[in-house]
Number of protein chains: 2
Amino acid sequence: MKEAATQVQADLDRLLPLLDASLTVPFRRGDAVRLGEAVRYSLEAGGKRVRPVLCILACEAVGGTTIEALPGALALEYIHTYSLIHDDLPAMDDDDLRRGRPTNHKVFGEGHAILAGDALLTEAFGVLASADLDPVKRAEALALLAEGAGWRGMAGGQALDLEGETLAAYDLGHLRLIHRLKTGALLRASVEIGAVLGGAAPGERSALRAYGEAIGLAFQIQDDILDATATDAQLGKRAGKDVGRGKITYPSLLGLDGARKALDEATENALCQLASLPNRNSLAAWARYLALRAR
Amino acid sequence: MKEAATQVQADLDRLLPLLDASLTVPFRRGDAVRLGEAVRYSLEAGGKRVRPVLCILACEAVGGTTIEALPGALALEYIHTYSLIHDDLPAMDDDDLRRGRPTNHKVFGEGHAILAGDALLTEAFGVLASADLDPVKRAEALALLAEGAGWRGMAGGQALDLEGETLAAYDLGHLRLIHRLKTGALLRASVEIGAVLGGAAPGERSALRAYGEAIGLAFQIQDDILDATATDAQLGKRAGKDVGRGKITYPSLLGLDGARKALDEATENALCQLASLPNRNSLAAWARYLALRAR
């Protein structure tokens with residue numbers, strides 16, 4: 001476990017400076033200045049950059065370079081950031097706090113928060129579409145990004161989640177579906193886009209897709225566990241909000257011990273998928289690390 | 001003028017059935033049903049489909065086929081539809097009526113309206129990224145789509161427009177900038193994407209880009225003129241809302257006659273750009289038709 005944490009920290013030390021330097025919004029004359037500030041406010045709020053890091057690590061795991069994965073990594077963080085801005089809106093989860101700071105609409109107003117999300121979502125595709133990469137890889141990565149973020153991915157999951165709040169009956173299968181779309185689809189896309197940009201062989205690509213699917217599940221279970229057990233200060237956002245809202249979560253359906261067991265199973269499944277890859281150390285460490293956070 | 005109207009009608013008769021049949025949302029088990037309904041509600045509301053039609057006509061003008069342009073055409077209508085849904089939200093233009101029907105958020109709620117826009121924006125890139133087209137053309141069309149819709153395109157223009165409502169001084173140059181981004185960028189992209197998908201030579205592509213720029217300007221001027229002169233029933237949305245809101249428009253800056261003159265100039269400019277193209281009849285008719293509507 002300590003080994004995993006050390007590897008994760010080494011990956012972050014290596015990749016975060018590159019990502020943070022790349023995730024900026026340059027201003028030009030005639031730009032919508034306040035929109036740029038709203039975009040920058042959320043983009044530069046930091047965080048662990050899980051999706052871009054996973055994208056780069058997956059690319060490297062199949063023999064690709066950091067730089068080949070970078071456009072995909074930036075696109076994924078743009079998408080993730082847009083989703084946080086829109087999810088926090090009053091009409092959605094109605095949150096005031098994110099990463100320890102006021103949410104985007106609290107600072108810039110709802111109109112600009114909606115537009116900042118729209119702009120980030122659009123630029124995600126823009127940064128990848130205009131990247132200096134092999135066109136076939138580019139088009140494939142773009143299709144994966146749309147699949148992960150769209151109607152049958154993240155946006156669909158968020159909608160099911162909204163719709164689900166009014167459902168009376170709600171079982172584990174439905175909860176899994178929601179999370180597979182809402183959180184899992186983009187994490188899976190992160191890993192698979194990295195694989196594509198790194199030139200993965202078909203077997204490597206499908207193993208990495210399954211790895212992404214498994215850590216997506218693990219990520220959601222540990223998020224539910226953290227929501228139920230951590231404090232606001234530990235999370236940098238409001239804790240206990242799912243419980244307070246009577247929302248169905250893994251701990252509420254399986255109990256805390258049952259949720260921890262499901263988390264361990266998902267992590268084991270993720271690790272199994274990596275067996276055939278040459279450079280699997282970092283991805284294995286990240287799978288263990290996600291499980292670790294929820295202890 | 002009658003000749004232009006006849007040509008436009010012939011184009012619509014030929015292309016609308018194809019577009020309407022393609023702009024549907026198929027449902028599968030596990031889909032977010034209400035999100036799908038919200039997407040479908042706005043997508044199937046009809047309208048003249050100006051952007052996809054221009055995309056197809058530009059493709060045909062340089063010798064390409066209808067089918068080659070179709071993925072770009074669908075993507076453009078998805079983007080346009082998303083922008084209408086988000087622009088109508090209470091935090092933006094706060095409109096209750098669109099194309100003669102209640103706006104999306106009035107029917108499905110704000111949360112679903114935001115998500116329906118997000119999903120359409122994402123699928124726009126998805127439909128183009130996964131199209132069976134030459135990967136180089138695909139990547140180029142995707143980059144143009146992001147440029148037209150993003151921070152330095154449509155979304156940026158909408159933000160400037162929101163920000164501008166609080167500005168005291170506001171001149172013609174600033175109004176032009178806003179409209180070039182808010183409406184012009186996506187119309188220009190429509191024509192240029194069509195050119196790219198049709199395999200335009202560089203000279204043809206830049207002529208079509210300039211044509212798109214000019215009709216974008218014409219389109220906005222005539223929209224302002226219609227807002228000032230038509231009734232709600234004629235528009236299918238609230239008329240006079242710019243005037244009522246004290247918003248700066250072409251008629252308010254130039255007077256109605258001045259605005260009509262500016263419209264004629266933009267139309268002439270658009271027509272000039274077409275001189276070197278082999279199949280220019282339809283694009284010429286559409287430029288004349290846009291000017292005609294505002295009489």
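Predicted model: local features only at pLDDT ≥ 70, side-chain atom pairs only at ≥ 80, totals over all residues.
Taken along the principal axes, the box filled by the C-alpha atoms of chain A is roughly 50 × 50 × 35 Å.

Two packed helices are described by the angle between their axes and the distance between the axes. For helix H2 (residues 33-43) of chain B and helix H6 (residues 110-129) of chain B, the axes come within 9 Å and the crossing angle is roughly 75°. Because angles of 65 to 115 degrees count as roughly perpendicular, H2(B) and H6(B) are described as roughly perpendicular to each other. On the H2(B) side, the contact is made by B:Arg34, B:Leu35, B:Ala38, B:Val39 and B:Ser42. H6(B) brings B:His112, B:Ala113, B:Leu115, B:Ala116, B:Ala119 and B:Leu120 to this contact. Sorted by class, the residues of the contact are eight nonpolar, two polar and one charged.

Turning to the meeting of the two chains, the contact takes 44 residues from chain A and 44 residues from chain B. On the chain A side, at least two residues each come from helix H2 (33-43), helix H6 (110-129), helix H7 (135-149) and helix H8 (154-164). Of these, H6(A) gives the most, with 13 residues. The side of chain A that touches chain B is made up, by class, of 25 nonpolar, ten polar and nine charged residues.

The arrangement of the two copies can be described just as plainly. Chain A is superposed on chain B by a rotation of 180° with 0.0 Å of shift along its axis, at an RMSD of 0.0 Å. This is the relation of a two-fold axis. Which residue of chain A comes closest to the rotation axis? That residue is A:Pro135, whose C-alpha lies at 2.7 Å from the axis. Finally, 100% of the interface residues of chain A are also interface residues in chain B, so the copies meet through the same surface.

Key. Residues numbered from 1 in each chain as written. Chains lettered and ligands numbered in written order. Axes fitted to C-alpha atoms, helices over the stretch in contact; angles between N-to-C directions. Helix = DSSP H or I, 4+ residues; strand = E, 2+ residues; numbered from the N terminus. Parallel < 35°, antiparallel > 145°, perpendicular 65-115°, else oblique. Contact = placed C-beta atoms within 7 Å. Nonpolar A, V, L, I, M, F, W, Y, C, P; charged D, E, K, R; others polar. Least-squares fit on C-alpha atoms with pLDDT ≥ 70 in both.
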